[in-house]
Amino acid sequence: MNQLSKILVLCFVVVFCGSIAIAQKKKASEFIENGINKFEEKEYMEAIVSFNEAIKVDPDAHQAYYMRGNIKQKFADVHGAMKDYNKAIEAKSDFSEAFFERGNIKYLLQDYYGAINDYTKTIELNENNLDAYYKRGQAKQQLEAYQDAINDCTKIIEKDKDNVDAYYLRGVLRIEYGQLSEGCLDLSKAGELGDLKAYEMIRERCNDVKCYPSDFE
């Protein structure tokens with residue numbers, strides 16, 4: 001076989017393999033789409049079957065791992081979900097949603113440092129994910145890193161001035177940190193925005209005159 005023939009054969013092999021890979025990815029996306037539809041219809045077992053098929057066709061189908069992990073999480077299979085989120089991140093290193101959900105699993109398992117790392121990575125990839133700031137604040141609360149947790153709530157409020165959950169959590173954090181007047185004012189704002197449990201906390205913790213700034217006395 002002369003040199004030209006070898007080059008032509010090599011080109012054919014490359015094109016042929018590329019075509020197979022494209023066809024496999026297309027078939028995997030069809031399984032993923034079907035799985036997502038089943039997921040939205042709450043037909044979870046059928047969805048898992050579709051995601052399994054997608055992974056068989058394309059072992060790097062990050063979306064299939066992620067969605068299968070979400071289903072496992074719904075059924076409290078936290079270790080199975082963690083494994084799937086790990087695979088999703090291996091297949092797509094900038095998959096912010098997978099980092100966030102893996103952080104939630106670590107939080108449930110009381111691995112607060114690990115959860116904080118995943119929430120931080122989520123924020124690095126998507127700074128507008130306010131849920132990641134909130135959950136990171138909760139994880140920091142568990143570690144009694146109150147000021148850092150307060151800072152996360154403040155970042156949420158800077159981006160969404162009517163975020164009731166951030167006001168409530170920041171109010172609780174400030175009270176736990178000894179900032180009574182500021183915490184009670186945050187709880188008042190949360191109540192104003194519609195969080196009734198904020199008023200329960202106010203009744204329990206904010207009825208002492210010492211809770212209020214001097215200009216309110």
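A residue is called buried under 20% relative accessible area, exposed over 50% and partly exposed in between, computed with a 1.4 Å probe on protein chains only. By this criterion Tyr-119 is buried, because its relative accessible area is 0%. The model is predicted, so local features need pLDDT of at least 70 and side-chain atom pairs count only at pLDDT 80 or more, whereas totals for chains, interfaces and linings use all residues. Residues are numbered from 1 along each chain as its sequence is written, and side-chain values use heavy atoms, without hydrogens and water.

Across the whole structure, a search finds seven aromatic pairs. Rings of Phe, Tyr and Trp (its six-membered ring) pair if their centres lie within 6.5 Å; planes under 30 degrees apart are stacked, over 60 edge-to-face, and the rest tilted. Phe-39 and Tyr-44 are edge-to-face because their planes stand at 65 degrees, with ring centres 5.6 Å apart. Phe-39 is buried at 18% relative accessibility, and Tyr-44 is buried at 15%. Together with Phe-75, these two residues form one aromatic cluster.

The rings of Phe-100 and Tyr-119 have centres 5.7 Å apart and planes at 50 degrees, so this pair is tilted. The pair links distant parts of the chain, 19 residues apart: Phe-100 belongs to helix α5 (residues 96–108) and Tyr-119 to helix α6 (residues 112–125). Helices here are DSSP runs of H or I with at least four residues, numbered from the N terminus. Phe-100 is also buried, at 12% relative accessibility.

Charges also meet rings: Lys-135 lies over the face of Tyr-107, 4.3 Å from the ring centre. This requires NZ of Lys or CZ of Arg within 6 Å of the ring centre and within 35 degrees of the ring normal.

Terms used. Helices (H or I, at least four residues) and strands (E, at least two) are DSSP runs, numbered from the N terminus.
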